[in-house]
Amino acid sequence: MTEKQSLNAQIEQILAEENAQIELKSWRGKLKRIWKSDHRKQAIKAELFALWRDLSTKGIFTLFVIVAFVFALTFSVL
């Protein structure tokens, strides 16, 4: 019986660790980290840098095109 309990405990521990990793990577987890931080501006800055670092070149190019398009539309109105 103790082997079964220890196996169940190990499975629960593995599942808890996986859920913690998923929580850290999720949007809600990032917001919780920023909210609990003592220096929220630095936490926001760190999260933005991490987001930028994780973007692929295709994602960076897509953001550039979106910003350029919005700038062109705004500039043409002015």
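Helices here are DSSP runs of H or I with at least four residues, strands are DSSP runs of E with at least two, and both are numbered from the N terminus. This is a predicted model, in which local features need pLDDT of at least 70 and side-chain atom pairs count only at pLDDT 80 or more, while totals for chains, interfaces and linings use all residues. Residues are numbered from 1 along each chain as its sequence is written, and side-chain values use heavy atoms, with hydrogens and water left out.

**Exercise 1. Work out how Gln13 and Phe75 are placed relative to each other.**

Step 1: Gln13 belongs to helix α1, residues 2-25, and with a relative accessible area of 47% it is partly exposed.

Step 2: Gln13 and Phe75 are 62 residues apart along the chain, and 56 Å separates their C-alpha atoms.

**Exercise 2. List the salt bridges of the structure and describe the partners in each.**

Step 1: The structure holds 2 salt bridges, each being a side-chain nitrogen of Lys or Arg within 4 Å of a carboxyl oxygen of Asp or Glu.

Step 2: One of them joins the side chains of Glu23 and Lys32 at 3.5 Å, N to O; Glu23 is partly exposed at 30% relative accessible area, and Lys32 is also partly exposed, at 41%.

Step 3: Another joins the side chains of Arg33 and Glu47 at 3.0 Å, N to O. This pair links distant parts of the chain, since Arg33 is in helix α2 (residues 27-36) and Glu47 is in helix α3 (residues 40-54), 14 residues apart.

Step 4: Arg33 counts as partly exposed at 34% relative accessibility, whereas Glu47 counts as buried at 18%.

**Exercise 3. Describe the largest pocket by its volume, its lining and the classes of its residues.**

Step 1: On a 1 Å grid over the protein atoms alone, a pocket is an open set of points with protein on both sides within 12 Å along at least five of seven lines, and lining residues have an atom within 4 Å of a point. The largest pocket holds about 150 Å³ of space.

Step 2: Its lining consists of Trp27, Lys30, Leu31, Ile34, Ile44, Glu47, Leu48 and Leu51, and α2 and α3 each supply at least two of the lining residues.

Step 3: By class, the lining has 6 nonpolar, no polar and 2 charged residues, with Ala, Val, Leu, Ile, Met, Phe, Trp, Tyr, Cys and Pro counted as nonpolar, Asp, Glu, Lys and Arg as charged, and the others, Gly among them, as polar.

**Exercise 4. Locate Ala46 and give its distance from Leu73.**

Step 1: Ala46 is found in helix α3, where at 45% relative accessibility Ala46 counts as partly exposed.

Step 2: Ala46 and Leu73 are 31 Å apart in space, C-alpha to C-alpha, and 27 residues apart in sequence.

Methods
Buried < 20%, exposed > 50% of the residue type's maximum accessible area, 1.4 Å probe, protein only. 1 Å grid on protein atoms, 1.4 Å probe; cavity = no way out; pocket = protein on both sides within 12 Å on 5 of 7 lines; lining within 4 Å. Points joined across faces, edges and corners; volume = space filled by probe spheres on them.
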